[in-house]
Amino acid sequence: MPEDQTEHTAYIGLGSNMGDKRANLEKALELLGSIPGLQLKRVASYYRTAPLGGPVQDWYLNTVAEVVTVLEPHRLLAALLKTEEELGRVRTIRWGPRTIDLDLLLYGHSEICDAALTLPHPRMTGRAFVMAPLAELAPGLILQGKTAVELAGELARSQSIEKLDSTYY
């Protein structure tokens, strides 16, 4: 079935803590930009962050990308998972180290909760590594009654996060 060609703004979280983290993020962004039906609009700064949960592991490099897409949410998620696979992501340990992690955070104002996808992303408002870069791109975005900037500020007080100078663009 063809896509309906209606454009939707979506936000994708990116993270890496294995190998050349910056190169992993940049390659992921390059691959995202080549997906038919998806246009990469903006990318937030990169952030160095401590891992949350899971086994002892190296620090992460994270960012958020704003995209415009005609792909419906499940097709977009499938494209993200395929991109992870192309970049060597192997899922072994929950919240364990990874070459690349791509999370569909928001898709317009869509709310979805099924076996494959939950939107908005259910844990994003509790993660500084998501909220800080998202606040750069959409500072006035309201989530759980607060702006992205407010949430990012609150989380930065309790989670280790460091904004780095350069970004993909």
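Reader: What covers the buried residues of α1?
Author: In this predicted model, the cover of the buried residues of α1 includes β1, β2 (38–43), β4, α2 (73–86) and β5.

Reader: Which residues of α1 are buried?
Author: K21, N24, L25, A28, L29, L31 and L32 are buried in α1. They cover an arc of only 165 degrees around the axis, and that puts them on the same side of α1.

Reader: Why is N24 called buried?
Author: The limit is under 20% relative accessible area. N24 has a value of 18%, so N24 counts as buried. The residue is found in helix α1.

Reader: What does N24 touch, leaving out residues up to four places away in sequence?
Author: N24 touches S16, M18, L87, T99 and I100.

Reader: What makes the approach of N24 to M18 a polar contact?
Author: A polar atom of the N24 side chain lies 2.7 Å from the backbone oxygen of M18. The cut-off for a pair of N or O atoms is within 3.5 Å, so a distance of 2.7 Å meets it.

Reader: How far apart are N24 and V43?
Author: In sequence they are 19 residues apart; in space, C-alpha to C-alpha, they are 14 Å apart.

Reader: Why is T63 called buried?
Author: Its relative accessibility is 1%. Buried means under 20%, so T63 falls in that class. T63 lies in strand β4, residues 60–69.

Reader: What does the side chain of T63 reach?
Author: The side chain of T63 reaches the backbone oxygen of A44 at 2.8 Å. Beyond four places in sequence, T63 touches I12, G13, L14, L25, V43, A44, S45, Y46 and P133.

Reader: What makes β1 and β5 a pair?
Author: Six bridges link β1 to strand β5 (residues 101–107) in the antiparallel sense. The requirement is at least two, so β1 and β5 count as paired. In β5, I12 stands opposite L104, and G13 stands opposite D103.

Reader: Which residues have the most contacts inside the largest nonpolar core?
Author: I12, L14, L29, L32, L76, L102 and L104 do; the core has 28 residues. At least two residues of this core come from each of β1, α1, β2, β4, α2 and β5. Apart from this core lies another, of 21 residues, among them V64, F129, M131 and A138.

Reader: What does I12 touch beyond four places in sequence?
Author: The contacts of I12 include L32, T63, V64, A65, V67, L80, L102, D103, L104 and L105.

Reader: How do you know that the buried residues of α4 are on the same side of the helix?
Author: In helix α4 (residues 148–156), A148, L151, A152 and L155 are buried. They cover an arc of only 100 degrees around the axis, which puts them on the same side of α4. Their cover includes α3, β8 and β9.

Reader: Why is Q144 called exposed?
Author: Exposed means over 50% relative accessible area. Q144 has 65%, so Q144 belongs there. Q144 sits in the loop between β8 (142–143) and β9 (146–147).

Reader: What phi does Q144 have?
Author: Q144 is not a glycine, yet its phi is positive, about 50 degrees. Most residues other than glycine have a negative phi, and most peptide bonds are trans.

Reader: Where is a cis peptide bond found?
Author: A cis peptide bond joins L119 and P120, with omega about -10 degrees. P120 lies in the loop between β7 (118–119) and α3 (128–137).

Note on methods
Residues are numbered from 1 along each chain as its sequence is written. This is a predicted model: local features need pLDDT of at least 70, side-chain atom pairs count only at pLDDT 80 or more; totals for chains, interfaces and linings use all residues. Side-chain values use heavy atoms; hydrogens and water are left out. Helices (H or I, at least four residues) and strands (E, at least two) are DSSP runs, numbered from the N terminus. Buried means under 20% relative accessible area, exposed over 50%, partly exposed in between (1.4 Å probe, protein chains only). A polar contact is a pair of N or O atoms within 3.5 Å; within protein, one must be able to donate a hydrogen and the other to accept it, and residues adjacent in sequence count only if both atoms are side-chain atoms. Contact means heavy atoms within 4.5 Å. The arc is that of the directions from the helix axis to the C-beta atoms. A nonpolar core is a set of buried Ala, Val, Leu, Ile, Met, Phe, Trp, Tyr and Cys residues joined through side-chain atoms within 4.5 Å.
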